[in-house]
Amino acid sequence: MAIAKVIIDVSLDKEFDYLIPETLLPQIKVGVMVRVPFGHSTREGYVLSLADSSDYTGGRLKPITGLCETRANIPEHLVTLGRWMADYYCCSQEQSIRTLLPAAVRSGKIKPKIRRLYRIADVAAAESFVACNGTKPSAALRVDLVKALLAHGAQPADSLKSLVPAFSQSGLNTLIRNKIVETVEEIVRRDVFGDSHVLPSKPLPPSADQKKALELIGKMLLGETSSHVLLLHGVTNSGKTEVYLQAIAKAREMGKSAIVLVPEISLTPQTVRRFRARFGDQLSVLHSRLSDGERFDEWNRINNGEVQIAVGARSALFAPFRNLGLIIVDEEHESSYKQSEAPRYSARDVAVMRGKLEGAVVILGSATPSAETSYNASTGKFLLARMAAQVDNKLAPRVTIVDQRLAGPPEPGKSNFFSKALITAVFDRMRRGEQSIIFLNRRGYARVMICEECGFEARCPDCSVAYTYSRQRETLTCHLCGGVIPAYELCPQCRSPKIRYAGVGTEKIESLAGAVFKPARIARMDSDTMRGADDYEAVLERFRRGELDILIGTQMIAKGLHFPNVTLVGIVNADLGLSMPDFRAPERTFQLITQVAGRAGRGDIRGEVIIQTHNPENETIQYAAQQDFDGFSKFDLEFRQLLAYPPYTHLIIVHFRGEDESMVVEFANGFTAELQRYGHEGIRFAGPSPAPIERIKGKFRYMLVIRGSRLKLLRQALRVLALHRQPPKGVEVYVDVDAQSLL
């Protein structure tokens, strides 16, 4: 008896057993989509595994109705990866399997784009028609159409209109009826590159560090090393991308495919441009800014073996290659690789697992590796290749720390957000025709609105945070729930006009810079200004062409940008992130400062970085200023080991939320008590307690924080409690394994 275990998209986290009819036996494989009877209806589902027997005791098994022949199948190795994700990240199997396929492919609603062409059906008949009717005025149009098709081959109607000025559809239809011309259909690819062209590039001679890294990658591709994972730790501008390009070329020589992950969509166009310059259009792009039709076509190009390189953000990890040889995770430390909705997977960690399952090499690249990756490299679990020198042995930028506590109060009508050192340095660059970047990791004009008369503070009624003020739009916005209201002209509590906006964001910095640095040409890049898909590229192109003197922005400009004419980076409020109630705050601050500092001096002129801070003695600020990753890593890891935080333990957070706080607390306490039965001395439970941000979108939030090792049994219990035990109405529970934030 042949049994197929099928997962149906009904959110039950359960496989159902079905008999495989003999007629379908040769076609039923893992990953195939089938139609099956389910209750009183017919449903579609994916085959997750095959078996010879079933544990079902409810009667006779029903047979599979048929195959969904027009729908995409999932490669078997990706099904295996999806099942691992469901188990490890405590999500349902349906959620995990859905992640493996883009919605445009999974739904079956998107079809290939078809173009109708007209071509000669019978060449001899066509030539005879021209010979017999060439001098007849009444047949002139049809003769011209036949001549055009004989000369140019199959053509769409639009092309025929340009080739034959007197074109008419009726004349073409007459030729079709007489079987001189016939219609054919061809599939047309929706081209994600459009009309853009890039100049080809050739491999550059490797530096000594690049050569060592490439030699090690070559051995890994041949299976001659102890690990399949490599940490490529290279300082900014050390040439990591060139290593990626040459590593992909090696994999391609071996007949293997490659996936390149970048942390954000905004970085994808730049990365794609460099990879197209090396490999032409023989690569596919996968990210969320593609239309459904483009995503459908790109996925199918990979699935059909038409391309062997995929570049994109997190979801590109699931590109359906059958002969995967290399996965590159650029900027592996980035928190955007962690998905915020179920399944809450880390693309970096899943990449490591996919590499293990398929025998592929995984390269994790970063100038500031995450603590987990650094630790794995230091213990020998991952291999390590260091690139300590910049390309062409450029000098690291000069770094100056400015103590903003010494600035004193600003003069009336003026601001001291820009230090004298930064102002002088920016004007110096403007005189020399060079460019500057000013970085502040907070958007908006002001952080909070306060009434000086009664102390009223404008806060979101649905979230435990203050509104952010935008002067450009005269609005107050909650950056958690997205709520927007008009900015107050009078205090809503006491009706006083004495309203003050405190704190600073990139919008205010832009306004101040316009006044201080006249006549500088300035642009701002943050999520408030980069609304459309092309906004990011448009601003960067202006900056690239030298049409801007100063670029102001958030972390959006901190990484991946290569502008040789940028010689100055100013970091405003460098210690902004250190006050966050999260053990990763120092690591993120160090990474941001180091990454944005790396934008300076990538050309022939040595760069300069000015760090403005109110906490200059802070260890993180000092290590970042010295570009001392090893020193910071040692300092940070000692702190984490002392408090039993990752990478010395795993971190799981169970979130509880609902509009009735007492109901949330009661359920969270009962859930925790039951879960603790599966703990041991190596596991620490903290909570449940209110989250640092207690309310979002009107719902109270509580957290249970779990740290420890040997968590497999606990994770299994968590899956059952979170997925198969119904919480009270109005209460939600979800699990975040290897959580990246304590907020």
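Visitor: How many helices and strands does the secondary structure of the chain come to?

Guide: The model shown here is predicted. Its chain is built from both kinds of element, and the secondary structure comes to 21 helices and 29 strands.

Visitor: What radius of gyration does the chain have, and what would a compact globule have?

Guide: The C-alpha trace spans about 95 × 75 × 65 Å along its principal axes. For 743 residues, a compact globule would have a radius of gyration near 27 Å.

Visitor: What percentage of the residues in the chain is buried?

Guide: The chain exposes about 34,100 Å², of which carbon and sulfur atoms supply 50%. A residue is called buried when its relative accessible area is under 20%. Among the 743 residues, the buried share is 52%.

Visitor: Which parts of the chain does the salt bridge between Glu 608 and Arg 429 tie together?

Guide: The two side chains meet with N and O 3.0 Å apart. Glu 608 and Arg 429 are 179 residues apart in sequence, so their pair ties together strand β25 (residues 608–613) and helix α14 (residues 420–431).

Visitor: Are Glu 608 and Arg 429 buried or exposed?

Guide: The cut-off for a buried residue is under 20% relative accessible area. Glu 608 has 16% relative accessibility, and Arg 429 has 3%. Glu 608 therefore counts as buried, and Arg 429 likewise counts as buried.

Visitor: Which residues are linked with Glu 608 in a network of salt bridges?

Guide: Side chains of opposite charge can pair when their charged atoms come close. Here, Glu 608 belongs to a network of such bridges, and the residues linked with it are Asp 428, Arg 429, Arg 431, Arg 432 and Glu 434.

Visitor: In helix α19, what separates Lys 634 and Glu 638?

Guide: Lys 634 and Glu 638 form a salt bridge of 2.8 Å, N to O. Lys 634 counts as exposed at 54% relative accessibility, while Glu 638 is partly exposed at 46%. Because they are 4 residues apart in helix α19, the separation is about one helical turn.

Visitor: Are Arg 640 and Asp 636 buried or exposed?

Guide: Arg 640 and Asp 636 also lie 4 residues apart in helix α19. Their closest N and O atoms are 3.2 Å apart, forming a salt bridge. Both Arg 640 and Asp 636 are buried.

Visitor: How many aromatic pairs are found in the whole structure, and what kind of pair do Trp 84 and Tyr 88 form?

Guide: The search finds 21 aromatic pairs. Trp 84 and Tyr 88 have 5.1 Å centre to centre and 10 degrees between the planes. Planes under 30 degrees apart count as stacked, so the pair formed by Trp 84 and Tyr 88 is stacked.

Visitor: Where in the chain do Trp 84 and Tyr 88 lie?

Guide: Trp 84 is partly exposed at 22% relative accessibility, whereas Tyr 88 is buried at 14%. They are 4 residues apart, about one turn, and both lie in helix α1 (residues 76–88).

Conventions
Residues are numbered from 1 along each chain as its sequence is written. This is a predicted model: local features need pLDDT of at least 70, side-chain atom pairs count only at pLDDT 80 or more; totals for chains, interfaces and linings use all residues. Side-chain values use heavy atoms; hydrogens and water are left out. A salt bridge is a side-chain nitrogen of Lys or Arg within 4 Å of a carboxyl oxygen of Asp or Glu. Helices (H or I, at least four residues) and strands (E, at least two) are DSSP runs, numbered from the N terminus. Buried means under 20% relative accessible area, exposed over 50%, partly exposed in between (1.4 Å probe, protein chains only). The radius of gyration is taken over C-alpha atoms; the globule rule is 2.2 Å times the number of residues to the power 0.38. Accessible areas come from the Shrake-Rupley method with a 1.4 Å probe; for residues, only the protein chains shown count as cover. Rings of Phe, Tyr and Trp (its six-membered ring) pair if their centres lie within 6.5 Å; planes under 30 degrees apart count as stacked, over 60 as edge-to-face and the rest as tilted.
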